[in-house]
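I opened the file and kept notes as I went. The entries run from the whole chain down to single residues.

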Amino acid sequence: MKLTKEQIGNGIWILAILLILFTPIGFHARVLVNKVVAAVISPSAVDEKEQATLADYHWNLIDLEGESINLQSKKGHVILVNVWATWCPPCVAELPGFVELYSDYKDKVTFVFVANDEKDRVIAFLEKKEYRLPVYFQASATPKELESGSIPVTYIIDKEGGIVVNKTGAANWNSEKTRSMLDKLLAD
């Protein structure tokens, strides 16, 4: 049986789609696409009338060294919470922006990067990328106002507990818009 040019072309397309969907090549392609998309998306504040307030700060977390913290100890601070995983292309795509933002705001804003992943994978990923971020793992239930069925999800919480930003999906977190928002929240 002789294959036609059309059948060969279709076979090549099927192979390309399978590579993109089921191989590391595809993972990197999805990360790249998400980086392009995130570059043009700057997170916006939730309309004041629709802002939720974090009523219960009690959330036990464990850092990479095994030390426990409770979000309650950060009450009264501006807090940025990001829930992510190493296997999530949009999460990986937005992390470089977070690294830059954290570098400039780490002494002013409380950053909480909650990994939804295995500790060994997270450590290997952070070391490979040379990212220095405060990463935690959940040790208790997530406060209901911070629950989400999707990742990445990022929240910015003001000093009074108002959830100013509630963004699902990749975004440019190192934008001037985000920096201006943080500066305003810090000044309040």
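**Whole chain**

I started with the accessible surface of the chain, which comes to about 10,800 Å², with 55% of it belonging to carbon and sulfur atoms. The model is a predicted one. I took the box along the principal axes next: the C-alpha atoms fill roughly 75 × 35 × 30 Å. Of the 188 residues in the chain, 43% are buried.

I then listed the secondary structure and got five helices and seven strands. Read from the N terminus, the order is α-α-β-β-β-α-β-α-β-β-β-α. I also checked contacts between residues at least 6 apart in sequence; 70% of these join residues at least 24 apart.

**Helix α5**

I checked the length of α5, residues 176-187. Its twelve residues should span 16 Å at 1.5 Å a residue, and the end C-alpha atoms are 16 Å apart, so the two values agree.

Which residues of α5 are buried? I found Thr178, Arg179, Met181, Leu182 and Leu185. Down the axis of α5 these buried residues fall within an arc of 160 degrees, so they line one face of the helix. On the other side of α5 I noted Glu176, Lys184 and Ala187 as exposed. I looked up what covers the buried residues of α5, and the cover includes α3 (89-105), β6 (153-157) and β7 (163-168).

**Disulfide**

I searched for disulfides and the structure holds one. The bond joins Cys88 to Cys91, with an S to S distance of 2.4 Å. For my own reference, a disulfide is a covalent bond between the sulfur atoms of two cysteines. The torsion about the S-S bond of Cys88 and Cys91 is about 75 degrees, so I logged the disulfide as right-handed.

Are the two cysteines buried or exposed? Cys88 has 4% relative accessibility and therefore counts as buried, the cut-off being under 20%. Cys91 has 1% relative accessibility and also counts as buried.

**Thr86**

I ended with Thr86, which is found in the loop between β3 (79-84) and α3. Thr86 counts as buried because its relative accessibility is 8%. What does its side chain pair with? I found a polar contact of 2.3 Å between the side chains of Thr86 and Asp117. Leaving aside neighbours within four places in sequence, I listed the contacts of Thr86 as Phe27, Val92, Asp117, Arg121, Val122 and Phe125.

Key
Residues numbered from 1 in each chain as written. Predicted model: local features only at pLDDT ≥ 70, side-chain atom pairs only at ≥ 80, totals over all residues. Heavy atoms only, no water. Helix = DSSP H or I, 4+ residues; strand = E, 2+ residues; numbered from the N terminus. Expected span 1.5 Å × (residues − 1). Buried < 20%, exposed > 50% of the residue type's maximum accessible area, 1.4 Å probe, protein only. Arc of directions from axis to C-beta. Contact = heavy atoms within 4.5 Å. Polar contact = N/O pair within 3.5 Å; in protein donor to acceptor, adjacent residues only side chain to side chain. Disulfide = S-S within 2.5 Å. Areas by Shrake-Rupley, 256 points an atom, 1.4 Å probe, with all protein chains shown as cover.
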